[in-house]
Amino acid sequence: MRLLLVEDNDRLAHFLVKGLGAEGFAVDHVGLVDEAEAALATMRFDAILLDLGLPDGDGMDLLRRLRAKGDTTPILVTTARGDLGDRLKGLDGGADDYLIKPFEIAELAARLRALLRRPGAVMSREIELGNLRFDAESRTATVEGRALALGRRETELLEALIRRGGRAIAKSALENTIYGLAGEVEPNALEVLVSRLRRRLAEAGATAQIHTLRGIGYLMADGAP
Amino acid sequence: MTSPEPSPAIEARHPSGSLTSRLGWRLGGLFVVAFLVAGLLPYINSRDDRSEVMAETLQADMRLLAKAIAREPDGRIAVGLPQEIHFAYRVRDPNGAVLAKSDGWDGLQANAMKAGKPGELQVSMLSGHIDMPQGPLLLDVVLVDRGPSLIDGLVNEWGDEILPLLLPVLGTALLIGVWTIRRSLAPLARVADAASAITPRETGVRLPSDDLPAELVPLVTAVNDALDRLAEGFRHQREFAADAAHELRTPLAVLSAHIETLPDKAAVASLKQDLFGMRRLVDQMLAVAELDARPLHVDAEIDLAALAVELATAMAPLCLAQHRDLAVTGAEHPVRVHGDGAALRRALRNLIENAIAHSPERSAIEIRVTAAAAGRGATMSVRDSGPGFAPADRARVTQRFYRGRRAKGPGAGLGLAIVARIMAVHGGRLEIGAAPGGGAEVTLRLPPL
């Protein structure tokens with residue numbers, strides 16, 4: 001996956017290119033708005049990582065110009081201004097997500113992956129969590145190469161959880177995804193489904209675990225140390 | 001970055017008297033004096049008039065008497081006055097021997113001696129002398145004032161009719177005076193109201209100068225100008241906070257990215273721990289600065305249940321990464337309150353971060369939302385199974401930079417101070433308590449709607 005990193009702090013850019021490279025991203029770095037526009041004119045990027053305060057202009061202006069042109073490339077804004085957060089995601093902002101500096105590269109990589117999975121963005125075909133691998137095209141899951149035998153709803157649940165890997169997902173959102181909005185859901189149908197999937201993952205030796213967050217929802221994370 | 005804590009109310013010095021009462025008393029006094037003078041002057045004047053008339057009458061009578069005196073050849077005195085006279089007289093020789101007197105003299109003279117006694121006949125006496133060819137004669141004339149004269153009528157009218165009319169007029173004038181003063185000073189109360197709304201967070205308020213007496217406009221304008229300069233100062237401080245955010249966060253981001261790309265994973269874990277503490281401190285100090293500078297919008301209607309679930313969802317990965325379980329209870333139904341969503345979210349986040357820092361691994365952190373009940377506001381509380389707060393610390397943990405005696409690990413002692421401040425702005429409370437199992441239970445209580 002190809003990323004454009006627009007960041008004027010060269011040292012930060014250096015470590016981000018290195019760190020994101022280790023996470024599997026190919027990163028092109030530019031330090032100016034002009035350079036960013038030149039890069040965007042010649043190449044297609046899967047996502048843009050945009051710093052706001054740039055020497056030759058405001059990242060926000062670049063963001064607006066891109067959106068005005070109809071460019072839907074996912075854009076993750078990084079900023080040191082905590083108070084900007086809510087406005088960035090507002091209607092006038094146009095950013096898909098934001099991170100406040102300082103952030104961890106692991107978190108940045110997770111957010112970028114989440115952005116790339118969004119509708120309109122390039123769907124990643126394979127999603128990994130620990131030794132668990134989910135192929136979104138064939139809708140099959142494997143643990144260290146061994147296929148898991150999952151029912152239709154178990155597969156849907158696994159896909160929903162692994163797409164938000166490392167992040168919590170509300171119980172009601174899961175119910176809507178799996179049972180649809182109209183369908184009647186038995187009060188503990190989801191709990192039963194989750195415990196079944198948990199058992200199958202454990203039997204297959206997956207390191208990823210499904211955590212129950214009472215009153216919140218579920219979270220799937222790699223439990224390997 | 002700091003702002004004064006809500007300063008203890010400055011002990012009101014004995015006020016130098018309200019303007020209303022000062023103006024009221026002085027103008028009232030002036031009214032009373034003016035009315036008394038206006039009312040009594042004609043009375044006093046007419047009193048004078050009356051004695052003048054008496055004196056003139058006496059002199060006229062004296063002259064009449066002098067003309068009427070004739071001396072008989074035998075030395076006796078003859079007084080050629082008609083029988084009907086309105087005065088009594090006596091004529092004496094230089095030695096005091098009475099040569100002639102009128103019929104009523106003796107009785108009247110006795111009265112004349114005690115003239116002036118109220119309620120009795122007004123009797124006036126005039127003495128004089130005339131030179132006759134045979135030698136001087138002493139004349140005494142006594143005048144009896146028998147009935148009310150025109151002057152007496154006027155005087156009585158003052159007392160009986162005009163004064164009773166004047167008194168209500170005086171009272172009404174006083175009332176109108178006080179009312180006018182109050183009305184004229186009413187704009188001052190509005191100015192005071194506006195001024196009391198000014199805080200470090202609300203620097204945009206200016207005192208209204210419309211409807212204000214012209215004399216006060218320069219004062220209000222000067223105060224507003226001073227406020228402009230103060231607001232400018234606060235704006236600089238806000239900008240400083242924002243700049244500081246940028247200046248501190250960017251090098252931290254570099255450091256963080258650098259550490260993460262180091263090859264030695266054990267060192268990375270340890271450095272990240274230190275970095276986490278540093279990040280948190282910077283975050284909290286900026287939160288304090290922002291809280292001092294940014295106005296909170298505590299009137300917005302928000303759903304505490306949704307806020308708790310949303311924040312718990314966002315913080316769950318952090319909790320799980322630190323090997324703590326996170327749960328929310330009581331959030332099945334909306335809990336509507338008035339408050340600043342961002343500030344309350346920060347308050348709850350601080351409590352959860354505290355719980356993570358002070359509870360053992362593999363334990364659960366519980367966020368509990370309760371709806372408002374009769375007379376009690378809605379609450380959000382965070383329970384952990386850590387050591388809890390030492391009783392001696394409970395009152396002090398909300399002070400900035402105070403760290404409890406059981407505190408360990410990174411922490412600047414700002415978290416609960418921020419929470420306490422946020423709750424105070426909401427008119428609510430931060431309650432430090434103990435969970436039934438022994439851990440800490442910290443409650444954010446919002447005021448009843």
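## Basis of the description

In this predicted model, local features need pLDDT of at least 70 and side-chain atom pairs count only at pLDDT 80 or more, while totals for chains, interfaces and linings use all residues. Residues are numbered from 1 along each chain as its sequence is written, and chains are lettered from A and ligands numbered from 1 in the order in which they are written.

## The parallel sheet of chain A

Chain A holds an open sheet of five strands in the order β2-β1-β3-β6-β7, with parallel pairing. Helices (H or I, at least four residues) and strands (E, at least two) are DSSP runs, numbered from the N terminus; two strands pair if DSSP finds at least two bridges between them. The edge strands, pairing on one side only, are β2 (26-30) and β7 (97-100) of chain A. From one strand to the next the twist averages 20°; axes are lines fitted to C-alpha atoms, for helices over the stretch in contact, and angles run from 0 to 180 degrees between N-to-C directions.

Strands β3 (residues 47-51) and β6 (residues 75-79) of chain A run parallel and are joined by four bridges. Leu49(A) stands opposite Leu76(A) in β6(A). Helix α1 (residues 10-22) of chain A packs on the sheet, where it touches β1 (2-6) and β2 of chain A, and its direction makes about 170° with that of β2(A). Helix α3 (residues 59-68) of chain A lies across β1, β3 and β6 of chain A, at about 150° to β3(A).

Strand β9 (residues 132-135) of chain A has Leu132(A) and Phe134(A) on its covered face and Arg133(A) and Asp135(A) on its uncovered one. β9(A) pairs in the antiparallel sense over four bridges with strand β8 (residues 126-129) of chain A, and Phe134(A) is the bridge partner of Ile127(A). This hairpin has two residues between its strands, and Gly130(A) in the turn has a positive phi of about 65°.

β9(A) also forms a hairpin with β10(A), with four residues between them; in that turn Arg139(A) has a positive phi of about 55°. Here Phe134(A) stands opposite Ala141(A) in β10(A).

## Nonpolar cores

A nonpolar core is a set of buried Ala, Val, Leu, Ile, Met, Phe, Trp, Tyr and Cys residues joined through C-beta atoms within 7 Å. A residue is buried if 20 or more other C-beta atoms lie within 10 Å of its own, exposed if 12 or fewer, and partly exposed in between, with C-beta atoms placed from the backbone. The largest core has 80 residues, and Leu304(B), Ala308(B) and Ala312(B) have the most contacts inside it. Helix α6 (residues 304-321) of chain B gives the largest share, 10 residues. Apart from this core lies another, of 33 residues, including Ile48(A) and Val254(B).

## Helix packing and the chain contact

α6(B) and helix α7 (residues 341-358) of chain B pack at about 35°, with axes 10 Å apart.

Between the chains, 27 residues of chain B are in contact with 29 residues of chain A; contact needs C-beta atoms, placed from the backbone, within 7 Å. On the chain B side, the largest share, 12 residues, comes from α4(B).

Notes:
Two residues are in contact if their C-beta atoms, placed from the backbone, lie within 7 Å.
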